[in-house]
Amino acid sequence: MSTAAPARTVPPHAPRTAELGAVAARFAERTEALRALPAEVVGALRDAGFARHLAPTAHGGADGSYSVLLHAVAEIGESCAATAWNAAVYAILGRMAAHLPPAGRAEIWGAEPGADALFAASIAPAGQVVRDGDGYRLSGTWPFASGVDDAAWTLLGAFTPEREYRFFMVPRAAYRVLDTWDNVGLAGTGSHAVVLDDVPVPARLTCAQADLMAGVVDGERTLVPFKAVNGLTFVAPALGASRAALRDSAARLAGKTEITGKPARVNPAAQTALARAGAEIDAAALLLERAAAAADTGSPTSLELARAPRDFAYAAELLGSAVDRLFRTGGARTQHTGRSVQRAWRDVNCAAGHAVLQFGAAAGVYADHLMDAESARNGEQNDV
């Protein structure tokens, strides 16, 4: 009787990961050295269909699922976390751009390569905005726009003069890219800054942050509220990188002989490290899969909306703990710059440092929901 695992069924419209994973692995060291994705990787990423995965079907997109995206990004993360990060960014930008007015959507997806156009973003409020008729004019610097060198458009966050938090889609010809990204982790994402100097942005290329968070498109709630998925795409690359680090650590320990002359594989400390790291990675994956499945229903409950940011942040903590453990257990040879575990250690900890994945804010939202729900339940019981 065969014990081979059944082949994984690839859902329709899923990003094609096999070729991209192979290309990403082949160029991983060059990606790190360039601090950006090489042209070969960008081409394979575009061909894989990540940019179109969450884009609307009306504009050639797949309107795909978050569960599928989670697995696809994590799979690429096992080859190169930076490639996976940019793949996730390009995918989620297709979802965010869907909140633009109809004319804006037609403009950004109307030319070649259509739904495969790559978008970057720097959505934390920055720069200055002034009114220009029914549109706006933008000036200033926006940092950390991952993959911006290869993007046709970049989505920028800013406050209007009325103090409304809005997003503005700006074409590549309208901004300069500053070479500012030189980080210890996720080095290949090319997350540079962009500079605008009095750039006009018509109303058709803007949308309100409040609509994004509520899932409102054209005045109606048609998409899942963004809080249900914000963070998922940032932690998914770390999941893949952590899995690769676990495999590499197991392979190294299986063939290592310690200074005592005994094989490392019989050392209880090594066994414990692998088992604990594996448990942390599996636990993180389960949390992320549950959150993605809730988002894919289209109507997550209030509990699921409050729980998702907590789960994304906690999954990031679990993955950080796992790679820390593997890094320490590996010894000096693991710390060599040519070893994959040290790169995973840097990449995962850099991902876990993203503002969206900080546990404090997520804890407050979840705790408030939990206490409010219990207060309401106790009140109902007292009324009986």
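The model is predicted.

The chain holds 13 helices and 10 strands. Its 384 residues would, as a compact globule, have a radius of gyration near 21 Å, and the 22 Å of the chain agrees with this. Along the principal axes, the C-alpha atoms fill a box of roughly 80 × 65 × 45 Å. Of the 384 residues, 49% are buried. Among contacts with a separation of 6 or more, 72% join residues 24 or more positions apart. The accessible surface amounts to about 17400 Å², and carbon and sulfur atoms contribute 55% of that surface.

Helix α1, residues 17-26, shows how burial is arranged around a helix axis. Its buried residues are Thr-17, Leu-20, Gly-21, Val-23 and Ala-24. They lie on the same side of α1, because the arc they cover around the axis is only 170 degrees. In general, an α-helix has 3.6 residues a turn, so residues three or four places apart point the same way. On the face turned away from the buried side, Ala-18, Glu-19 and Arg-26 are exposed. The cover over the buried residues of α1 includes α2 (28-34), α3 (39-48), α4 (50-53), α5 (66-77) and α6 (81-97).

Ser-146 is found in the loop between β3 (135-145) and β4 (153-159). This residue counts as buried because its relative accessibility is 8%, below the 20% cut-off. Beyond its neighbours within four places in sequence, Ser-146 is in contact with Trp-85, Asn-86, Val-89, Ala-120, Ala-121, Thr-189, Gly-190 and Ser-191. With Trp-85, the contact includes a polar one between the two side chains, at 3.1 Å.

Key
Residues numbered from 1 in each chain as written. Predicted model: local features only at pLDDT ≥ 70, side-chain atom pairs only at ≥ 80, totals over all residues. Heavy atoms only, no water. Helix = DSSP H or I, 4+ residues; strand = E, 2+ residues; numbered from the N terminus. Buried < 20%, exposed > 50% of the residue type's maximum accessible area, 1.4 Å probe, protein only. Polar contact = N/O pair within 3.5 Å; in protein donor to acceptor, adjacent residues only side chain to side chain. Contact = heavy atoms within 4.5 Å. Arc of directions from axis to C-beta. Rg over C-alpha atoms; globule rule 2.2 N^0.38 Å. Areas by Shrake-Rupley, 256 points an atom, 1.4 Å probe, with all protein chains shown as cover.
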